[in-house]
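Biologist: I'd like to learn how to read a fold like this one, feature by feature. Can we start with the strands and then move on to the helices?

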Amino acid sequence: VVGAADAKVQDAIADAAQVGEALGADEAPVSQEAIDEVAKAGWDVGAAEAAVSQCNGNVTAALTVLEAEEATIRAEFEKGVESMCSNGWDAIVARQALYAQYLIDQRRARGEPDPTPDAELMALTPTLKAAPPAKAEEKKPAPKAKAAAPKAAPKAKAADAADAGTQPKKAKKADVVFEVESVAQLQELVFDFKGPGSVLVDVYADWCGPCKQLGPVLEEAAQSLGGYIRLVKVNSDALPAVSQALGVKALPSVFRFSNGVIEDNFVGMPQQDALQRFLIDSAMSKPNPVKNPDDQYKLSEKDRLAMTKALRLMVGNAALGPGVRTEMEMKFSPLLAALPLGPGEGPEAAIKAVKTCAKYLTNAIADAGKFGKIPTKAAAFAAAEAAFPGLREYLTICGFEPSEDGKLVLTHTNPAKLAIGLGSATNWIGKASKAKQDAELKERVIRLSKQKAEPKADAAPKAAPKPAAPKKPTGAGPKVAVGEAAPKAKAKATASPKAEPKAAAPKAKPSPKADGKNQDLRSAGLLGGMTDGDSNEYFGGDSTVFLSGESEEEELSDEAKDEAWEDDDFFDDDDDEDDDDED
């Protein structure tokens, strides 16, 4: 039974040899680490060492060989038991005899002595005497129990490992190798991948010679590793947007994705040992090794994260179904419309709450693995929900679902859906901030207009002493009659010396770039108390605004301004054409 090696074992050995040729050199040294890894799966150390050596140090191939050989041994054992029973042997005797023979053959194969010396072995004969049979019975069950126990444990471990998917079998090409035809396919093939191992994205071109050499090697490795590697092939000529997002500068370019993030990469056709290490790391999802300073194409962690984010957003948008964006925005609209706008504590709190919601979405887009869970019991979430009652529903529309531990958990890997929610929240924040500024500016203008109206009401007492016109020498000119026109004439005459700075008005004329609203308010006297910052805040923040050029006019004294308000001709635009522009 032990010496029989049927076609199944030979096929497994042949497959392992092919894996060895694809993954490493023919004379690759056998490492103790590989032997220990196989032994941890429940196999005998000696068997593990032999299998690893036979498979050129490849752990996955060694596990495949051991599993196939185990199945063959069991099949041959059952055939032997059936054959002995057909010849009249009891089933228990047949099974015990064949199992004992198997243990002896295993010991001899390892170079160990037989468990029972020849003298004792010859003494084992049937007898009617009590003692010898008792001795025989004491000795016989002991080895059986001792040998059976360790054998049962490894088999249980191996079975558990097989059930867990750690015993790879050669996969079909259609199950592990995929040719991408559209950008949207990458969402399912790369970012939604939940299997063991990693996803290799091979960017190639039909005219590329090294691509034609590397492609078959990667395909064979993906099949031999039994699903621990998924190979996704992207034609750079057919899908240039993918190449651009990945920053491809030379072909072939291979990227290893683990949990939807670029973990490692290489460019060109690597050496055999380097390719073997890359594939083993990919199958075992090992972290990215330290960058070799001689490898100019090895990406830094910062570049890998940036490329991952760019590709995820592009692929996510392509994978969205028709009408998804419109449907989501229609659901967001009533939740945001219910929030207050304008000045006050309520709108302020609402803006802050929506900003918190936007921060949740921004973090999830950046790193869904780290920020894909929102603690709803946290103080920040509670405060935001108090001001934004629709916060939970808003996040649910974006793809978060409540869990038993009181958290909102992201249930998908498409950042484009999160970006839609982020865009709607950001637009509302801008709208609410603008409404708040408009309301504050309106209140400020009303307050300033009231302040301007107060000096105008006090102008009546000041007008009484103005009829003192005769005290000023009039020269040869006509005398001014005392009456209603006297205060007006006095006001003009008195204001003329002080109005000299106003003669520089042509320098302060509004430029063609001046805002019409600003000019109207200015001419009406409603912006006289506003600073440049106030006007800039409302009219768009342009540094070249109307008030910034009025330095000469600002030098007028308070008395001259008060007299200007009393002047009936202040709003008169019939004096000359220049006054029209000033008014």
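Modeller: Two strands count as a pair if DSSP finds at least two bridges between them. Keep in mind that this is a predicted model. With that rule, strand β1 (residues 177-179) pairs with β3 in the parallel sense, over three bridges. One place to look is Val177, which stands opposite Leu231 in β3.

Biologist: Before we zoom in, how many helices and strands does the protein chain have?

Modeller: There are 28 helices and eight strands in the protein chain. The chain has 583 residues, and 35% of them count as buried. Take the contacts in the chain with a separation of 6 or more: residues 24 or more positions apart account for 72% of them.

Biologist: Back to the strands. In which order do the five strands of the open sheet come?

Modeller: The order is β1-β3-β2-β4-β5, and the pairing is mixed. β1 and β5 (261-267) are the edge strands, each pairing on one side only. From one strand to the next, the twist averages 20°.

Biologist: In which sense do β2 and β3 pair?

Modeller: Strand β2 (residues 198-204) and β3 pair in the parallel sense, over seven bridges.

Biologist: Next, side chains. Which residues point each way from β3?

Modeller: The general idea is that side chains alternate between the two faces of the sheet in a regular strand. In β3, Ile229, Leu231, Lys233 and Asn235 point one way, while Arg230, Val232 and Val234 point the other way. All of these β3 residues are buried.

Biologist: Why is β3 described as largely enclosed by the rest of the structure?

Modeller: Because seven of the seven residues of β3 (residues 229-235) are buried. β2 is likewise largely enclosed by the rest of the structure, because seven of its seven residues are buried. From β2, Ser198, Leu200, Asp202 and Tyr204 point one way and Val199, Val201 and Val203 the other way.

Biologist: Let me try a single residue. Is Glu219 buried or exposed?

Modeller: The cut-off you need is that buried means under 20% relative accessible area. Glu219 has 16% relative accessibility, so it counts as buried. You'll find Glu219 in helix α11 (residues 209-224).

Biologist: Which residues does Glu219 touch, not counting those up to four places away in sequence?

Modeller: Glu219 touches Lys173, Val177, Leu231 and Lys233.

Biologist: On to helix packing. At what angle do helix α4 and helix α5 pack?

Modeller: Helix α4 (residues 59-86) and helix α5 (residues 91-109) pack at about 135°, with axes 9 Å apart. α4 and α5 are therefore oblique to each other. Their crossing is right-handed. On the α4 side, the contact is made by Ile73, Phe77, Glu78, Gly80, Val81, Met84 and Cys85. On the α5 side, Ala91, Ala94, Arg95, Leu98, Tyr99 and Tyr102 take part. Sorted by class, the contact of α4 with α5 has ten nonpolar, one polar and two charged residues.

Biologist: One more pair: how do α16 and α19 pack?

Modeller: Helix α16 (residues 345-366) and helix α19 (residues 391-398) pack at about 25°, with their axes 11 Å apart. So α16 is roughly parallel to α19. The crossing of α16 and α19 is right-handed. Cys357, Tyr360 and Leu361 of α16 make the contact with Leu391, Tyr394, Leu395 and Cys398 of α19. By class, the contact of α16 with α19 has seven nonpolar, no polar and no charged residues.

Note on methods
Residues numbered from 1 in each chain as written. Predicted model: local features only at pLDDT ≥ 70, side-chain atom pairs only at ≥ 80, totals over all residues. Heavy atoms only, no water. Axes fitted to C-alpha atoms, helices over the stretch in contact; angles between N-to-C directions. Helix = DSSP H or I, 4+ residues; strand = E, 2+ residues; numbered from the N terminus. Parallel < 35°, antiparallel > 145°, perpendicular 65-115°, else oblique. Left-handed = near helix turned anticlockwise from the far one by under 90°. Contact = heavy atoms within 4.5 Å. Nonpolar A, V, L, I, M, F, W, Y, C, P; charged D, E, K, R; others polar. Buried < 20%, exposed > 50% of the residue type's maximum accessible area, 1.4 Å probe, protein only.
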